[in-house]
Amino acid sequence: MSTGSLIVLAIIVLMVAAAIAHLVNNRRKGKNDCGCGCTKCSRCSGPNVDIEDCCRKDDRSGPA
Amino acid sequence: MSYTIALAGNPNCGKTTLFNALTGASQRVGNWPGVTIDKKVGKIRGTSSELVDLPGIYSMSPYSPEEIVSRNFIVNDKPDALINIVDATNLERNLFLTLQLIDMGTPMVVALNMMDMVQSSGDKIDVDGLSKDLGVPVIPISAAKKTGIDELVTKIEQVAGSKSRPVPIRYGSSFESAVSAAEKALEGKVPDDSIRFYAIKLLEGDDDVVEKAPGARNGIKSAIDAFEDEFDDSADSIVADSRYNKIAEIVGKNVKRAPRDEQGTLSDRVDRIVTNRWLGIPIFIGIMALIYFIAMYDSTWGTSPGAWATGWLNDWFEGFGEDVAGWCEENNVEPWLSGLLVDGIIGGVGAVLGFLPQMIILFLCLVILEEIGYMARVAFVMDRLFRYFGLSGKSFIPLLVGIGCGVPGVMASRTIESESDRRITAMSVTFMPCGAKLPVIAMIAGALFGGSVLVGLYSYILGIAVVILTGVVMKKLKKFSGTPAPFIMELPPYHSPRLFNVAKSVFDRAWAFVKKAATIILLSSILIWFLCSYDFGLNMVDIGDSILAWCGEGLKYVFMPLGWGDNWEFSVAAITGLVAKENLIATMGTLFSVEEISEEGEEIWEVLAYLLGKAGALSFLTFNLLCAPCFAAIGAMHRELRTWKSTGFAVLWQCFIAYLVSVIVFAVYGTIVGQEVGTLSYVLCIVNIAIIAYLVWAKDPFRQLNDSEEVKTE
């Protein structure tokens, strides 16, 4: 494999790894990837929001 | 010391703004009620105390989900203290909740918000007098301008530390006798601290309290009868009247109003025009047309800033792709790696990012409209239209939120009290064009319609029309039937947009768009490139022999009546849009790059125009605006609809109606513009119109379904 190929491969691997790490990290923090930027949406933001309070979990306190 | 402090107040009185000012959080602030749906927690800056932001409520009666969340928290979780935020420009209405909170006996401070607006109107409030009459500390603040915040923090910590309970407000001897009787009946059955609150609720006949203390209301029946006889009214009306009389007395003593212009305030005068019965909707359409003109127009009258910047960025990405391809060739990069980088990643992600300038302009205009208070007027105007079709005007707030993103839009539907309205709204929100669909609108408008504002307007009008259609049809199903819930909405006064809020909001949305392109879209583009470059034996092949072509070939027949022609690429793009709607563009960017169509001298979007034609493109846009939303939004729908059966039904309905409407759009618009429309499309168009007409006008189109439901219930 040529040096050029190795450079391109390294760039692609880095980009993919960064994208996957970002998505996994979001999942762990309980943010979803809805595009509104979950931390900015009405329900999920705040510096101390627990995963319980965020998008993934159904924690409705009101009636069904 | 660390305390738990609750923040309670009426809807749209600046609670979330104060929460952000106190905690340093950056929660979404909306200039319409119902932004806070659930309680949220943050740490007050400079202290170790916790602040709980409760949803906006008008009273402590459990009539809506927000009121239940707030009441349950204050009653059951017993915070150490309460900040009751009050809109100082509208004391009469806001103090009703204050009086109820005082009765609960929790240590509290009243934060008199929007004092800057009171001062600018020339009104004067005697803060000390108000504090004396209410029996609680009152701190004048402006949450938006961050004035009085430090004093508020100091006072609330002091009140929470000293546990100083508010002095109950007395309403007259007969009232107090009835309350005393109720308090005696409730002794030992409810917490002593809040016994006055429960006693008044018992007099009102509050279901929760009656249930909590069985037999207590019957035990004081004679006292209640005497109370009602004396005032010749029901107990709950007497309680409300007494509170409003007390509020009138307190406000009369402590507020001096400056003389008002006979024509009303500037907000009143503007509202007379923008919320006018006949002008309201045309003005809304005009404003949206102007926004799309600034963001997208590129035709006879010149090029708009948005279209110019997008054109420039697209050219840059194209040039960048060519430079990278050249570099790869010079450096003997393996063809598959070069293809992946240039066609897959740059082609896919670049196609999406190219629309960033137009997105920024659209976000900017929509945020400004929300900031100044216009969007609340839109909800008010739409209420009339919605009620005409038997829907609740309250449904429009989630639709407005859904213009930003479908996920919070679907979540916002939980503010609707009526179960059926709530479910219909949750399954309709994603018909509105969300932020992710804006680049698709921009692409179709730019590629085929010279950036015409009509494409943008069409998308919103289509969204609203299908929401109404869904509401009308669903109401005929037994489980969704019922009268629409009443919609009470306060229109906030207009104010100039705050630069920081606007800049932050636009940056957040634009950054979310870029992040999404660099993550989900990037990974999807790589997958799409792989699927369209390899066959099942993992050999690199021409796109026509690829895995994706094999899948798309089967799908394309389903979409042929929609005018997408013999091109499987569009069917595949519609399916990849389920991951994220921007993926539509990334998929076409990747596919057309791999097919090397653009290298023949044509821009990708020109190829799109050539393959679809105007009618096919409009049907493609229609289908993708209305069909099942992205997975994140489907997940949100599931959380609101609760069962996969209901969610599946909602997704099926969305795809069904998208297909029906797209065929009609293709056949009708194709005939108008003289595009070739096949016999199958014409036949399906007539059948689809008949189906829609039957669903709308038939008295009971779901008779069998409703009957089987009835049998199950029995």
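A crossover is right-handed if, with the strands pointing away from the viewer, the path from the first strand over the helix to the second runs clockwise. The legends below describe a predicted model.

**View 1. A right-handed β-α-β unit in chain B.** Three elements of chain B build the unit: strand 4, helix 3 and strand 5. Helix 3 covers residues 91-104. Strand 4 covers residues 81-87, and strand 5 covers residues 108-113.

**View 2. Strand 5 of chain B beside strand 4 of chain B.** The two strands run parallel and share 6 bridges. One bridge sets B:Asp87 against B:Asn113 of strand 5.

**View 3. Strand 5 of chain B beside strand 7 of chain B.** This pairing is also parallel, with 3 bridges. Strand 7 spans residues 138-140. Here B:Leu112 faces B:Pro140 of strand 7.

**View 4. The two faces of strand 5 of chain B.** In a regular strand, side chains alternate between the two faces of the sheet. One side of strand 5 carries B:Met108, B:Val110 and B:Leu112. The other carries B:Val109, B:Ala111 and B:Asn113. Both sides are covered. In total, 6 of the 6 residues in the strand are buried.

View 5. The C-alpha trace spans about 90 × 60 × 55 Å along its principal axes. Of the 714 residues, 52% are buried. Among contacts in chain B with a separation of 6 or more, 70% join residues 24 or more positions apart.

Note on methods
Residues numbered from 1 in each chain as written. Chains lettered and ligands numbered in written order. Predicted model: local features only at pLDDT ≥ 70, side-chain atom pairs only at ≥ 80, totals over all residues. Buried ≥ 20, exposed ≤ 12 C-beta atoms within 10 Å, placed from the backbone. Helix = DSSP H or I, 4+ residues; strand = E, 2+ residues; numbered from the N terminus. Pairing = 2+ DSSP bridges. Contact = placed C-beta atoms within 7 Å.
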